[in-house]
Amino acid sequence: MYVCICHALNDKKVKAALDNGATNPASVFRHHNCQVQCGKCVPMMRSMASEHRAAMAQHAATVAATAVPAPCCGTAVPEPANAEAVPAYAIAAE
Ligand code: FES
C-alpha cells in the first residue's frame, strides 16, 4: 500500500524507516532522502509512527517482564546443605 504518492513510499518503506530510528514523518522523509511535498501522507505516517512506538514499548515491557536476572545481580547464594556442620580443621584447632 502506498503511503506517500509523491515519493512512492509504501508501507514497507515507511516501516523500514521506523525500524531504523525514524520517529515522525519528517524523519521518515529524511531516511529516504526526500522532503514532504503535498503533505497528504503525513497523517498516515504519524499514525504508523505512533503504532510503531506503542508496539516497541509493549515489546520492551514484555522483554523486561520475562528477563532473568544475571546470577551476580542480587541473587542470593544459597547456603550449602551442610552449613551447620563444623569443618574438620575447626575441630582440630580447638
Ligand atoms: S503524498 Fe507524501 S508528500 Fe505528497
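**View 1. The largest nonpolar core of the predicted model.** Twelve residues form this core: Val3, Cys4, Leu9, Val14, Ala17, Leu18, Ala22, Val28, Phe29, Cys41, Met45 and Met48. At least two core residues come from each of β1 (2–4), α1 (11–19), α2 (25–31) and α3 (42–66). Helix α1 gives the largest share, three residues.

**View 2. Contacts of valine 28 in the core.** Valine 28 is one of the residues of the largest nonpolar core. With residues up to four places away in sequence left out, Val28 touches Val14, Ala17, Leu18, Ala22 and Met45.

**View 3. The buried side of helix α1.** Val14, Ala17 and Leu18 are the buried residues of α1. They lie on the same side of α1, because the arc that they cover around the axis is only 100°. Their packing partners are β1, β2 (9–10), α2 and α3. On the face of α1 turned away from this buried side are the exposed residues Lys12 and Asp19. Glycine 21, which follows just after α1, has a positive phi of about 110°.

View 4. Alanine 16 is a residue of helix α1. It has 15 C-beta neighbours inside 10 Å and therefore counts as partly exposed.

View 5. Proline 25 belongs to helix α2. It is buried, because 22 other C-beta atoms lie within 10 Å; the cut-off for a buried residue is 20 or more. Apart from neighbours within four places in sequence, proline 25 is in contact with Val36, Val42, Met45 and Arg46. For arginine 46, 21 residues from proline 25 along the chain, the C-alpha separation from proline 25 is 6.1 Å.

**View 6. Helix α3 along its length.** The 25 residues of α3 reach 36 Å from first C-alpha to last, close to the 36 Å expected at 1.5 Å a residue. The helix is hardly covered, with two buried residues among its 25. Methionine 56 is found in α3. This methionine counts as exposed because it has 12 C-beta neighbours inside 10 Å, and a residue with 12 or fewer is exposed. The C-alpha atoms of methionine 56 and aspartate 19 are 9.6 Å apart, while the two residues are 37 apart in sequence. Asp19 is itself one of the exposed residues on the face of α1 turned away from its buried side.

**View 7. The whole chain, for orientation.** Four helices and two strands make up the secondary structure of the chain. Their order from the N terminus is β-β-α-α-α-α. Of the 94 residues in the chain, 14% are buried. Contacts between residues at least 6 apart in sequence include 35% that join residues at least 24 apart.

Methods. Residues are numbered from 1 along each chain as its sequence is written. This is a predicted model: local features need pLDDT of at least 70, side-chain atom pairs count only at pLDDT 80 or more; totals for chains, interfaces and linings use all residues. A nonpolar core is a set of buried Ala, Val, Leu, Ile, Met, Phe, Trp, Tyr and Cys residues joined through C-beta atoms within 7 Å. Two residues are in contact if their C-beta atoms, placed from the backbone, lie within 7 Å. The arc is that of the directions from the helix axis to the C-beta atoms. The expected span of a helix is 1.5 Å times one less than its number of residues.
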